[in-house]
Amino acid sequence: MAGTPTPRAATAPARTPTNLTQGGKTKAGIGESTLRPDGTLKVTGEFAYSSDMWHEDMLWGQTLRSTVAHAEIRSIDTSQALATPGVYAVLTYDDLPTEMKNYGLEIQDTPVLAHKKVRHHGEPVALVAADHPETARRAAAKIKIEYVELPLITDEASATAPDAILVHEGRDDHHIGHVAHPNIVHRQPIIRGNVAEARKRADVIVEGEYTFGMQDQAFLGPESGLAVPSEDGGVELYVATQWLHSDLRQIAPVLGLPEEKVRMTLSGVGGAFGGREDLSMQIHACLLALRTGKPVKIVYNRFESFFGHVHRHPAKLYYEHGATKDGKLTHMKCRIVLDGGAYASASPAVVGNASSLSVGPYVIDDVDIEAIALYTNNPPCGAMRGFGAVQACFAYEAQMDKLAAKLGIDPVEFRQMNAMEQGTIMPTGQPVDSPAPVAELLRRIKAMPLPPEQQWLAAGEGADVRALPGGLSNTTHGEGVVRGIGYAVGIKNVGFSEGFDDYSTAKVRMEVINGEPVATVHTAMAEVGQGGVTVHAQIARTELGVTQVTIHPADTQVGSAGSTSASRQTYVTGGAVKNTCEHVREAVLEIGRRKFGSYHPAWATAELLLEGGKVVTDGGEVLADLVDVLESEAVELELEWRHRPTEAFDLHTGQGNGHVQYSFAAHRAVVEVDTELGLVKVIELACAQDVGKALNPLSVVGQIQGGTTQGLGVAVMEEIIVDPKTAKVRNPSFTDYLIPTILDTPTIPVDVLELADEHAPYGLRGIGEAPTLSSTPAVLAAIRNATGLELNKTPVRPEHLTGT
Amino acid sequence: MDFLRPASWEEALAAKAEHPTAVPIAGGTDVMVEINFDHRRPEYLLDLNRIGDLSEWEVGEKTVRLGASVSYTKIMENLRAELPGLALASHTVASPQIRNRGGVGGNLGTASPAGDAHPALLASGCEVEVESLRGRRMIPIDDFYVGVKRNAMEPDELIRSVHLPKADGPQQFSKVGTRNAMVIAVCAFGIALHPETRTVRTGIGSAAPTPVRAKEAEDFLAAALDEGGFWESGSPIPPSVAKQFAQLASGACNPIDDVRGSAKYRRHAVGIMARRTLGWTWESYRGNERSAQCA
């Protein structure tokens, strides 16, 4: 059976073009740009993704999804599907084996299969297993469902009307007590200072209403996995996910199995970006496998994938800022309304982020903030890279430009005048207790040289359309093209917040194999493309002084690693690997002391390290070879590791030390806009980011460029369009949901700062999300600069730029 | 689903006569998408890939006979001088992989208003060579598109080739999409100057139920160029003429609001593209005239 290829330790270090500090003395340790073990395989198409798995005698599972957004199910007739030759099982709600019929990340409000009612377009209603995917699809199409459509809840007005139909009746979750209407999932206010008083000091006040569209993660590997029934009545599940143990916690109760009988292994993941935090086909494949006694594979196609995972919350944001005439921010009031869609998913946590980060990286003492997430009949929304902070950043950065313009102050200077720094108190009352170089990041991007003008003329012979808006579509040879420049900066939290027990587990084994010391690192961390497997090997080399590191496939045979989300894995699972390695090192040194302590006094007195396969003193003296210390012994430890605890936000005031760490990035966008056709070419998106410590500089630059590009996408093209009259998705395909091609992706110069956070392992800072925040508002600012238009909605469409 | 694999054109015609519902497939860039998404499940697929002649082209004295399966890549690489408008349009088709597979026959067979080749074909004034066991006929491109995704072919006919007049003047093609590459058209515009006949032809894509010509715009421009003696003088076209041409091109649209763009935007954008492409072709014509006079 093909599964995830065992990642191998990289051996060839490569330097990134950016000049970053070198790591320790051990080759390919932290600070080195070791190459990804999966890189070549992915580029050459040889990497085995979860959709490539195959098992002897396996069946194919197919999901039947609702064709309407909100309806009662009067009847389901599966007889014709069951009678189809090649079909082994057809399951509906009535076939669920236990009392637990729902799942959910925080609130278990999502039915495994719809019961009496569907709440959004594309909700799973029935499952089919057949011996051929085509047979399964055709049989699913024969299932007859009688729907009686219900009124639609599609926005705040329809959700909170006094007589509004309830998306979920009989709510008993822990948020229902503090929301004004059962169609509001969660509300988080933050009140600090006195806005009414502070407002009186303002010489200028700007208001704005902003709209953020629904973005899709658009990961390239669609949802897929393989469930294999096992002899003990349990099931083996091979799946592409972001957090194995969170899946497990939700899957096992629905199957009626103890967690140890659901054995999960991560298979090849083709990107995630938050879209794999929620379950998709996991329970469905297991149910079919347990029912039929055969392995069952489910692979969504691209169309189904658009319905198979949650999206980024679309949002309406209302902001008011004031400032004195010398450029000091006086106060901020905002209201952020996030559309959570039909099920809660990560909405409560997204609300927490949107509210607590709504001020941005600025000092404002007097704030009045409210964020809510709605239940509607729109597609469910949840986690996506940037998680609530993205929407807020889009709005507050537009406000900063408006204020600067009104005050006649340079927009970068205005931001610098109000920039937070280490020691600033967040609106939640939490002090920022590590470097917050906001002004410095802005200074750096502004100081970068600008790209030359009119690059389409560089070739000499006519216009190079690839350098122009419209690109190869040949819409302009320079006519109507105007350049614009825009700046933005953002703040993102790192790790799970609000009192969540955000730990990770690492098991590390050290032994001698073929005369060489080898470390094996085993975690449940989901490698979704972020480069964790590379970093774990680097950490093990640095801490244990070995060259050979084996990364064990991620599975549930080891403790939870937490989610590959919230920019947290290098911090938390990296921290766990470091911590376990340190304990393993101590154990190894203890063996050494036992064996050789009497031969050299340094064993007792000096600080000892493991380097280059040897035990050395901090002065560099070699005491022993690891091979001789270990001989045939193996040291193995599995330990949990935690960062500093956080607190919940007060439900009325929003006060509380809610976040673990903050991450900052700033962008400068240079765009060229065809003002007549409303087409945009982003010429350059320069980024400066503080990463604390770059464990793998090449991966750091890659993450920053990727996040920047995802932010560009939602600035100028990416949006899931939901018909407000039917709540149906209108563009579930890559023909009509556009993501940037390489021709849309500009040069992305990256300036990496490394200011250590003393609370974090190696001083590192989670980096994956911050660049996704400021990229979008920087592009919008540049387009505003080019066109003079107000542009309060993202993505910007040609219609917005041409008034059509 | 039966898969028919004729080895020759005659066998293909016989198969199509026997199974008129058979869907011809060459590059598969349209048909396979439809099949993969289960949007259609034809009883028969008629594979034309064994018929080598369909991937050949022939440059004659006046016309280019372009086999229905000649790939867009081949058109871009080999026929840029003879068919500049179609070569430009070919360059905007999807991705390099798709351009290596897809050809004009597929665009014509599907007859989607969004097909990238249509505006260039309309502007060129080509003819489509179709054939059945009953015989061969040439359909003028102006008569080819008869409705949304419908063409003038009979169920037993297959597209063999397209006969395009070799460019006798500058041609241009522009397409608006909301991405800078690999994008389906929001709307498109093609223009060809025909100095020999003192005419101008145009084609509009994705802005009406079928690909259409901007007939009034063409007539207006031809008259204006003629009356002003512009063909002879090679003088710049007055902005008022270009503006009127653009407005008439806009007026030829009959677009809808859809997920790709608003009707209003499509009308607007077609006007802009009409004005710009006219400018580019006319500048090019003037340049050629000047160098001809100097020589």
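# Briefing: a predicted model of chains A and B

UniProt, in an unreviewed entry, lists residues 44-151 of chain A as "domain: Aldehyde oxidase/xanthine dehydrogenase a/b hammerhead". That stretch is 13% helix and 35% strand. Its end C-alpha atoms are 50 Å apart. The model shown here is predicted. It scores ipTM 0.96 and pTM 0.96.

**Confidence**

- Chain A has a mean pLDDT of 95, and 97% of its residues reach 70 or more.
- Chain B has a mean pLDDT of 96, with 99% of its residues at 70 or more.
- Residues 1-24 of chain A are another matter: pLDDT stays under 50 there.
- For residues 1-24 of chain A, the model has 70 contacts beyond four places in sequence.

**The record for chain B**

- UniProt also has an unreviewed entry for chain B, where residues 1-169 are listed as "domain: FAD-binding PCMH-type".
- In the model, residues 1-169 of chain B are 30% helix and 25% strand.
- The end C-alpha atoms of this span of chain B lie 47 Å apart.

**Where the chains meet**

- On chain A, 30 residues are in contact with 29 residues of chain B.
- Two elements of chain A, β29 (679-690) and α19 (798-802), each supply at least two residues of the side that touches chain B.
- Which element gives the most to this side of chain A? It is α19(A), with 3 residues.
- By class, the side of chain A that touches chain B has 9 nonpolar, 12 polar and 9 charged residues.

**Domains of chain A**

- The domain assignment gives chain A domain 1 (39-45 + 503-642) and domain 2 (51-150 + 222-269 + 276-303).
- It also gives domain 3 (156-216 + 311-389) and domain 4 (432-497 + 660-802).
- The C-alpha centres of domain 1 and domain 4 of chain A lie 38 Å apart.
- How many residues of domain 1 of chain A are in contact with domain 4 of chain A? There are 14, and they meet 16 residues of domain 4.
- On the domain 1 side, α13 (532-544) and α14 (569-596) of chain A each supply at least two residues.
- Helix α14(A) gives the most to that side, with 6 residues.
- The domain 1 side that touches domain 4 of chain A divides into 4 nonpolar, 8 polar and 2 charged residues.

**A helix pair in chain A**

- Two packed helices are described by the angle between their axes and the distance between the axes.
- Take helix α6 (residues 244-255) and helix α7 (residues 282-292) of chain A: their axes come within 10 Å and cross at roughly 35°.
- The crossing of α6(A) and α7(A) is right-handed.
- From α6(A), the residues that meet α7(A) are A:D247, A:I251, A:V254 and A:L255.
- Their partners in α7(A) are A:Q282, A:I283, A:C286, A:L287 and A:L290.
- This contact of α6(A) with α7(A) has 7 nonpolar, 1 polar and 1 charged residues.

**Backbone details**

- Most residues other than glycine have a negative phi, and most peptide bonds are trans.
- Is the peptide bond from A:T794 to A:P795 cis or trans? It is cis, with omega near 0°.
- A:P795 sits in the loop between β31 (793-794) and α19 of chain A.
- A:A727 has a phi near 60°, a positive value in a residue other than glycine.
- The loop that holds A:A727 runs between α17 (697-716) and β30 (750-753) of chain A.

Key: Residues numbered from 1 in each chain as written. Chains lettered and ligands numbered in written order. Predicted model: local features only at pLDDT ≥ 70, side-chain atom pairs only at ≥ 80, totals over all residues. Contact = placed C-beta atoms within 7 Å. Helix = DSSP H or I, 4+ residues; strand = E, 2+ residues; numbered from the N terminus. Nonpolar A, V, L, I, M, F, W, Y, C, P; charged D, E, K, R; others polar. Axes fitted to C-alpha atoms, helices over the stretch in contact; angles between N-to-C directions. Left-handed = near helix turned anticlockwise from the far one by under 90°. Domains from an automatic or database assignment. UniProt positions renumbered as here; feature names shortened; annotations may be inferred. pLDDT = per-residue confidence, 0-100.
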